[in-house]
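Subject: Structure handover

Hello,

Here is the structure I promised you. Please open it beside this email and follow along.

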Amino acid sequence: MKKFKKIGEKISMHPIMAFILLTGLVIILSGILDALDASVTYNKVNTKTGGYETTLVTVESLLNLSGIKYVFSNTVSNFVSFTPLSMLLIVLIGISIMDRSGFLDSMFFLLTKRMPKTAVTFVFTLICIVTSLTGDLCFVVLIPLAALLFKYGKRNPKAGIISSFAALSLGYGMNIIISSVDSSMLTATESAARIISNLYTINSACFLYIMIPATLIGAALITYVTEKIIAPRLGKYEVDEEEIVQDKDKLTRREVKGLLLAGIGALIYLVVFIYNIIPNVPFGGNLLDYSQNRYIDKLFGYDSFFNSGFVFVITFLFFLCGVLYGVGTKTIKNHHDVCNYLSHSLDGIGKIIVLLFCSSMFISLLRYTNIGSLFTAFLSNIVLNSSFTGVPLLLMVLLFSIISTILQPSFVNRWNILSGSFVPAMMSGGFTAEFAQLVFTAGSSIMYPITPVMAYFVIYISFLEKYDKESVCIIKSIKYMIPYALIILAMWVVLLLLWYVIGIPLGLSSSSVL
């Protein structure tokens, strides 16, 4: 065993070098597949006509002249527009002033002083699962907050980073309220279902009954893995002198005053904000996109002010809490303190910036080559031409949903390819269209925290790197996620089979079988 461990240590490499090598692999693979004329034709549902249209997927080579031009002319622009980069930098500004002013220390102490460590982990895990419906922003907000929550609780911050990333990623498959991603997929699901039944409609609350137990059980299982497997494996965190957290038995009068001041300011801000996302009220609802039908799309639609400005909304809330608390406790005495505190979390993030650059280059080039779409279309045709029914078909769709996530993690883009085969195949096998989408979502979420192609995987690695005294590698980071993925996979298999065999309704006006 020691010999194998030494070999593993020798082949492990820094994530920056790993992303560079993965980029090189994509370039070489694209050239090979292009030389072999690799292509796949699949049936895609046209949402306007309601019928199939034949779609050809080919590989774009990065080894020819046009591919080389793309690499050199788009790498910088792809990095600048890489969403995790801008989100992380902006959110860290808000978290920085909350941390340096002492707000987070006092707030976490107040919220957790009477709670067992396991209960704290469970509650935060549940928050991560629920907030995953807000989309990608939750990764850049909750992962750094999880690290600080565990650090101020005298625990290893890496356990907070690992558990929060697992909960956020796996939480994409367990939302009691449908997210904007679910809503976009429902549109494709309905279109695919009408290939079989032209009057097929799906209720927005179609997953309610199965998602309630899935969310609670999922949070409990993720907590169990964190406390029994991950935390013991990580051991005790060795803090630097500047990171030492002072012990305290209760909040001081200044700290209470600071929290009250921050709480009042945050409450006023949130009331104004929430009023502006309530539709059809006098002078309210200004942050919604009224061109959409479902409320979740009005809230998180591409053209909604709420969606485009949500990062700044959260950052300003953090800024407000940090400043008001600092004024109340006198940890902020003048504007110089404010300016210095704003940049605290951005100190020493040069390595994170380089990581983000390498990750953005890898992901953008992989997307350009269409290798992920080619593989997904190939799996789509296998399902469409299969003769499976019942449980074998269910497990096949679940397995292919997991596998297809490796190279193309985007739920919506992948479902636009797979829905044309998954939905008709499952409906022909006696399942409902919404059950097909549920199986796909559950399977996709299992692989979501494991694939480095997922854009926010680099945020997870970056914060592990920040709090790890040793070297971090992609393989090691993935290994942390495997226990979570396996236990949630087991949960989904049991739940899906239970709902199918017993015939329990999935949600309002929906079931697993036709």
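Below is what was found in it.

This is a predicted model: local features need pLDDT of at least 70, side-chain atom pairs count only at pLDDT 80 or more, and totals for chains, interfaces and linings use all residues. Residues are numbered from 1 along each chain as its sequence is written, and side-chain values use heavy atoms, without hydrogens and water.

Start with the core. The largest nonpolar core has 165 residues. (Such a core is a set of buried Ala, Val, Leu, Ile, Met, Phe, Trp, Tyr and Cys residues joined through side-chain atoms within 4.5 Å; buried means under 20% relative accessible area, with a 1.4 Å probe and protein chains only.) F139, Y460 and W492 touch the most other members. Helix α7, residues 137-152, gives the most to this core: 14 residues. Helices are DSSP runs of H or I, at least four residues, numbered from the N terminus.

Next, the helix pair. Helix α10 (residues 208-234) packs against helix α21 (residues 474-502). Their angle is about 155°, and their axes lie 10 Å apart. Axes are lines fitted to C-alpha atoms over the stretch in contact, and angles run from 0 to 180 degrees between N-to-C directions. So α10 is roughly antiparallel to α21, a term for angles over 145 degrees.

Last, S183. This residue sits in helix α9, residues 180-193. S183 is buried, with a relative accessible area of 1%. Not counting residues up to four places away in sequence, S183 touches I178, R294, I296 and D297. Contact means heavy atoms within 4.5 Å.

Best wishes

How values were computed
Buried < 20%, exposed > 50% of the residue type's maximum accessible area, 1.4 Å probe, protein only. Helix = DSSP H or I, 4+ residues; strand = E, 2+ residues; numbered from the N terminus. Parallel < 35°, antiparallel > 145°, perpendicular 65-115°, else oblique.
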